[in-house]
Amino acid sequence: MRVLFIFLDGIGLGEANPETNPFARAKMPTLNRLLDGRTLLRDAAPFHGEHASLLAVDPAVGVKGLPQSATGQAILLTGINIPSELGYHYGPKPNPEVAAYLKEATLFARFAKEGKKATLLNGYPPRYFDGIDSGKRLYSSIPLAVVNAGLPLFRHEDLFAGRALSADFTGEGWRTMLGFQDAPLMDAEQAGRKLASLAGEYDFSLFEYWASDYAGHKQQMEQAIHLMETFDAVLGGLVENWQDGLILVTSDHGNMEDLSTRKHTPAHVPALVIGDKTARDAFTQNMSDLTDIAPAIWRTVMHE
């Protein structure tokens, strides 16, 4: 059974406080429908419904300090309690100690070894690769795991050919921020339908949405609301056209759910699972922290 993993960077389950939490203000009808009127708030989990399940999972994994991006994403890709083994959380980009885990132990490497089709669906612009090649930019944990697995990162040619998606889903950023005036442009629902189509070609696919973490650090309430309403419309197009398998939405640490601070938060993060109820029940069984995500993905794809 295939799994599409949508990684929402920096999303925790917070209080229903409209002054600080964009999830208490954003209009998200698709999510409300999937969760029987609930949204991504602390009191919404656990939930097991007809179409979706929502759990609150611990990103701190028993280690003191606030969860960080490099180790959190590495946990999601390996199932290994890396902060416990190292004695600290680390981020945003992996240091050599974290990077050492992002080789043969990741889902990308393991699926590739088993002959399963796995990919990261984001398309990256030329200046991203220029930064990597010059040494001025470091890979974050997710693309590093892809490259270490011998899998390609999608480039602008792939985006234009319809083989990848823009990091903002719609492609607007490629026009307004990157200067590609002829970049493919979609509305959010179209992007969701495209995401369903692309994910249908793989056993395991991942899409990384980092803008949510950026809005959290910048404490941008209106932008955060816009991002989540866009995501909800994408989710609507995706679910409407999803054929088989599970959709997983989760995060590496809290951040955007509490705009009273620029820092990460200790909040549990959502594990939203959409699809067949029997498969969802198996996926979420005994799930409590980030280390449980990768094994659940592995079991589902490998039919174990």
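I will take the sheet, then the helices, then the salt bridges.

Ground rules come before that. This is a predicted model, with local features needing pLDDT of at least 70 and side-chain atom pairs counting only at pLDDT 80 or more, while totals for chains, interfaces and linings use all residues. Residues are numbered from 1 along each chain as its sequence is written, and side-chain values use heavy atoms, leaving out hydrogens and water.

In what order do the seven strands come? The order is β2-β3-β7-β6-β1-β5-β4, in an open sheet with mixed pairing. Two strands count as paired if DSSP finds at least two bridges between them. At the edges stand β2 (47-48) and β4 (118-120), each with a single partner strand, so one side of each has no neighbour in the sheet.

β2 and β3 run antiparallel, joined by two bridges. Three residues make the hairpin that connects β2 to β3. F47 has L54 in β3 as its bridge partner.

Next, β3 itself, residues 52-57. Five of its six residues are buried, so the strand is largely enclosed by the rest of the structure. Buried here means under 20% relative accessible area, exposed means over 50%, and partly exposed is in between, with a 1.4 Å probe and protein chains only. On to the pairing with β7: six bridges, antiparallel sense. There, A56 stands opposite P270 of β7.

β7 (residues 269-274) also pairs with β6 (residues 246-250), antiparallel, over three bridges. In that pairing, L248 faces V273 of β7.

Which helices pack on the sheet? One of them is α2 (residues 69-78), which touches β1 (3-8), β5 (204-209) and β6. Its direction makes about 170 degrees with that of β1. Another is α12 (residues 221-240), touching β1, β5, β6 and β7. For α12 the angle with β1 is about 175 degrees. Contact means heavy atoms within 4.5 Å. Axes are lines fitted to C-alpha atoms, for helices over the stretch in contact, and angles run from 0 to 180 degrees between N-to-C directions.

Stay with α12 and look at its neighbour α10 (residues 188-199). The two axes come within 6 Å and cross at roughly 50 degrees. That makes α10 oblique to α12. For the cut-offs, under 35 degrees is roughly parallel, over 145 roughly antiparallel, 65 to 115 roughly perpendicular, and the rest oblique. The contact residues on α10 are A188, E189, A191, G192, R193, L195 and A196, and on α12 they are T230, A233, V234, G237 and L238.

Then α11, residues 211-218. Its buried residues are A211, S212, D213, A215 and G216. Their cover includes β1, β5 and α12. Just after α11, Q219 takes a positive phi of about 55 degrees.

D244 sits in the loop between α12 and β6. D244 is partly exposed, at 40% relative accessibility.

Last topic, salt bridges. How many does a search of the whole structure find? Four. The criterion is a side-chain nitrogen of Lys or Arg within 4 Å of a carboxyl oxygen of Asp or Glu.

Take R42 and E15, meeting at 2.4 Å, N to O. This pair links distant parts of the chain, 27 residues apart: R42 is in the loop between α1 (29-34) and β2, E15 in the loop between β1 and α1. Both are partly exposed, R42 at 44% and E15 at 48%.

Next, R163 and D158, with closest N and O atoms 2.8 Å apart. Buried or partly exposed? R163 is partly exposed at 42%, whereas D158 is buried at 14%.

Finally, K277 and D281, at 3.0 Å, N to O. Both lie in α13 (residues 277-284), four residues apart, about one turn of the helix. K277 is partly exposed at 40%, and D281 is partly exposed at 32%.
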